[in-house]
Amino acid sequence: MITFMNNSDSEEEPCNERTSLMSAESPSVPSYQDGLQASEAGEAQAHRKRRTGSSRSPNNIADGDMSDSGVPVRESTLENEEEELTLKYGAKHVIMLFVPVTLCMIVVVATIKSVRFYTEKNGQLIYTPFSEDTPSVGQRLLNSVLNTIIMISVIVVMTVFLVLLYKYRCYKFIHGWLILSSLMLLFLFTYIYLGEVLKTYNVAMDYPTLFLVIWNFGAVGMICIHWKGPLQLQQAYLIMISALMALVFIKYLPEWSAWVILGAISIYDLMAVLCPKGPLRMLVETAQERNEPIFPALIYSSAMMWTVGMAKPDTAARGPSQQTWDAAEDGRENHRSPSHGDSQMSETRSPVPTRPITSLEELEEEERGVKLGLGDFIFYSVLVGKAAATASGDWNTTLACFVAILIGLCLTLLLLAVFKKALPALPISITFGLVFYFSTDNLVRPFMDTLASHQLYI
Amino acid sequence: MGAAVFFGCAGIAFGPALALVLLTVAAEPLRVIVLVAGAFFWLVSLLLASLIWFISVHLSDREDAKLQYGLLIFGAAVSVLLQEAFRFAYFKLLKKADEGLATISEDGRSPISLRQMAYVSGLSFGIISGVFSVINILADSIGPGIVGIHGDSPYYFITSAFLTMALVLLHTFWGVIFFDACEKRRYWCLGLVVASHLLTSGLTFLNPWYEASLVPIFIITLCTGLWAFFTAGGSFRNILKCLSCKQEDDSRVMMYSALQVPFED
């Protein structure tokens with residue numbers, strides 16, 4: 001059975017594109033400081049323990065540019081400072097990601113537990129055509145693996161298509177695609193969601209009010225996400241659309257397929273980001289070469305940078321969304337989780353010898369934030385939402401998965417700080433989440449239930 | 001019934017924990033991370049204990065009720081021991097992290113002290129342990145139902161809430177005492193903490209005879225609390241000073257003028 005969603009593929013494609021993109025991580029960004037051009041050799045550079053983010057590296061002293069202090073300082077001192085900065089900001093960054101991820105999961109779990117619609121089986125997406133209603137376990141497993149293969153291939157094809165579009169500079173097409181997909185999410189999915197919530201609580205709403213509410217919500221959302229808006233409003237909208245997308249996945253993915261897809265997509269994420277020929281890696285490298293931002297509205301950013309007065313040749317794609325971007329990319333910052341925006345943000349310096357004033361740099365440092373791709377939000381929420389939906393009404397499983405995902409995120413950020421290299425955010429969290437889901441559902445639940453029935457505490 | 005019981009019991013069970021988290025943990029990112037990581041460690045210990053219990057149940061005769069009850073006691077004991085083992089493992093991890101943080105900080109001191117980490121880790125164990133014990137009960141307390149219709153105690157919800165509160169506080173105190181004992185290598189303290197945990201868990205086996213289980217558990221909580229207070233460096237003088245809100249600043253001036261690094265606690 002196929003649902004109405006099949007009519008417009010575009011709503012799914014952006015989702016896939018979103019997830020595949022967002023799971024990716026930008027590879028290490030070579031330092032743009034002072035005329036240093038990003039090149040293929042940037043890869044090798046990035047692997048060095050450099051990235052002091054200033055002109056103090058031996059190569060650049062000869063440039064004679066004005067750096068922060070203008071005085072060549074010893075490399076080691078800087079590296080120490082950098083280490084300390086990394087870790088000093090590390091904990092704050094982790095919390096800056098914990099909060100939105102937690103909020104997204106809370107929205108998803110609250111909806112799953114209260115609104116029946118999202119746990120009812122009403123057909124499947126065309127990307128998972130094989131039904132799981134078969135009697136035998138082997139057949140069901142086979143169907144779910146086939147579903148996964150189809151879904152992952154769709155995602156890979158989409159990503160490659162996107163990379164090609166980007167490589168051949170079809171920006172208008174990409175932006176049109178993105179705008180169409182956010183339109184779909186902000187209007188259509190919100191309308192459905194609101195309808196179901198009103199049905200659940202038996203609240204009546206007339207059409208004019210509904211139209212007003214949806215119109216305002218959607219219009220402000222489009223502006224905030226694609227153009228300028230208060231940072232927190234933009235963050236709230238991004239969290240909401242991630243939650244809506246996750247709910248769609250939870251509703252329309254059959255059970256076993258969902259778990260296999262989660263596992264497969266974290267493996268794909270790992271390969272796409274770390275392999276040299278991975279599509280996501282190529283995408284980010286291309287973006288770096290061109291000194292351009294990739295796509296706005298697909299990355300959650302937690303801080304704002306005021307880049308007033310920076311002499312920076314701006315590309316058309318970048319202009320409006322600059323304000324809502326987190327800069328901090330004077331090459332100094334560690335690459336947090338999946339964001340392609342990193343490479344864009346890193347070129348707050350044009351490849352010009354003169355550098356911005358010191359105070360502005362310090363301001364940048366202070367306002368540094370973290371970014372996380374929306375696909376990660378979506379898949380984390382899918383995991384926790386599925387746990388809430390299918391774990392026989394047990395809250396322990398949901399909570400265990402939640403803690404597992406947070407710890408995975410924490411470890412990913414720690415690895416990021418250690419390796420200073422782009423890392424995918426999905427694998428560790430999803431692995432922990434899956435392990436905890438299956439073990440809590442099958443082992444811990446009977447134990448705790450038996451203990452609770454005797455009112456025993458451990 | 002319904003919402004009143006739910007909110008009341010939730011408040012009783014998690015009120016102190018929520019207050020402690022909001023006032024002491026939420027503002028500091030490092031403490032939040034220690035909190036979440038502590039919860040993770042507790043979960044892993046529970047997982048292993050459940051695995052052991054699950055295997056033992058499957059290898060045994062399911063029909064024999066007495067045997068099953070015995071296996072449950074065994075499972076609970078194993079779980080307590082594993083929790084303490086993982087508390088020790090967490091101590092080791094935090095100690096290493098503390099050293100790491102100290103080396104890379106600018107003044108050679110880590111931004112969070114081991115005592116703070118002890119407190120937060122104890123709190124994290126307590127919260128996650130309490131949540132896992134009582135959340136399903138709380139969820140059931142909203143819905144329609146009659147408590148104790150088969151002859152069980154009608155005070156199930158409220159006693160569960162009080163037990164959870166005691167457990168949360170106990171874990172916090174045990175965390176403080178445990179870390180301090182490990183730090184100072186006082187192994188009898190360690191043994192005492194483990195013993196008191198086993199005792200508390202064992203006392204819950206006396207439910208629903210609540211006079212024999214709840215009252216001693218609360219007495220144990222109080223005693224452990226006092227012990228933790230004195231372990232953490234508290235004393236009657238400190239309480240008096242805190243209550244009288246006196247400022248002490250003279251000695252600082254002296255130290256600054258003597259060009260010494262002020263000794264901060």
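The lining of the largest pocket in this predicted model is made up of 34 nonpolar, six polar and two charged residues. The pocket itself has a volume of about 1,600 Å³. Of its 42 lining residues, five come closest to the centre: Ile106(A), Leu399(A), Phe402(A), Ile127(B) and Val131(B). Both chains contribute elements to this lining. From chain A, α4 (75–114) and α14 (395–419) each give two or more residues. Rolling a probe the size of a water molecule over the atoms is what shows where empty space is left.

How far can the model be trusted? For the complex, the predictor gives an ipTM of 0.89 and a pTM of 0.79. Chain B has a mean pLDDT of 89, and 92% of its residues reach 70 or more. Within chain B, confidence is highest in α2(B), at a mean of 96. Helix α9 (residues 250–257) of chain B is where confidence is lowest, at a mean of 50. Where pLDDT is low, the predicted coordinates should not be read in detail.

An unreviewed UniProt entry lists "transmembrane region" for several stretches of chain A, including residues 94–112, 145–166, 256–275 and 399–419. Two of these stretches can be followed in the model. Residues 145–166 of chain A are 100% helix and 0% strand. The end C-alpha atoms of that stretch lie 31 Å apart. Residues 256–275 of chain A are 95% helix, again with 0% strand. Here the end C-alpha atoms are 28 Å apart.

Now the cysteines. How many disulfides does the structure hold over all chains? The count is zero. Is Cys9(B) buried or exposed? Cys9(B) is buried, because its relative accessible area of 6% is under the 20% cut-off. Cys170(A) has 28% relative accessibility, so Cys170(A) counts as partly exposed.

One glycine of chain B makes a last stop. Where is Gly148(B) found? Gly148(B) sits in the loop between α4 and α5 (156–184) of chain B. With a relative accessible area of 25%, Gly148(B) is partly exposed, because that value falls between the cut-offs of 20% and 50%. Gly148(B) and Gly126(B) are 22 residues apart in sequence. In space, the two are 28 Å apart, C-alpha to C-alpha.

Technical notes: Residues are numbered from 1 along each chain as its sequence is written. Chains are lettered from A and ligands numbered from 1 in the order in which they are written. This is a predicted model: local features need pLDDT of at least 70, side-chain atom pairs count only at pLDDT 80 or more; totals for chains, interfaces and linings use all residues. Side-chain values use heavy atoms; hydrogens and water are left out. On a 1 Å grid over the protein atoms alone, a cavity is a set of points where a 1.4 Å probe fits but cannot get out, and a pocket is an open set with protein on both sides within 12 Å along at least five of seven lines; lining residues have an atom within 4 Å of a point. Grid points are joined across faces, edges and corners, and a volume is the space filled by probe spheres set on the points. Helices (H or I, at least four residues) and strands (E, at least two) are DSSP runs, numbered from the N terminus. Ala, Val, Leu, Ile, Met, Phe, Trp, Tyr, Cys and Pro count as nonpolar, Asp, Glu, Lys and Arg as charged, and the others, Gly among them, as polar. pLDDT is the predictor's confidence in each residue, from 0 to 100. UniProt positions are given in the numbering used here, feature names are shortened, and annotations may be inferred rather than shown by experiment. A disulfide is a pair of cysteine sulfur atoms within 2.5 Å. Buried means under 20% relative accessible area, exposed over 50%, partly exposed in between (1.4 Å probe, protein chains only).
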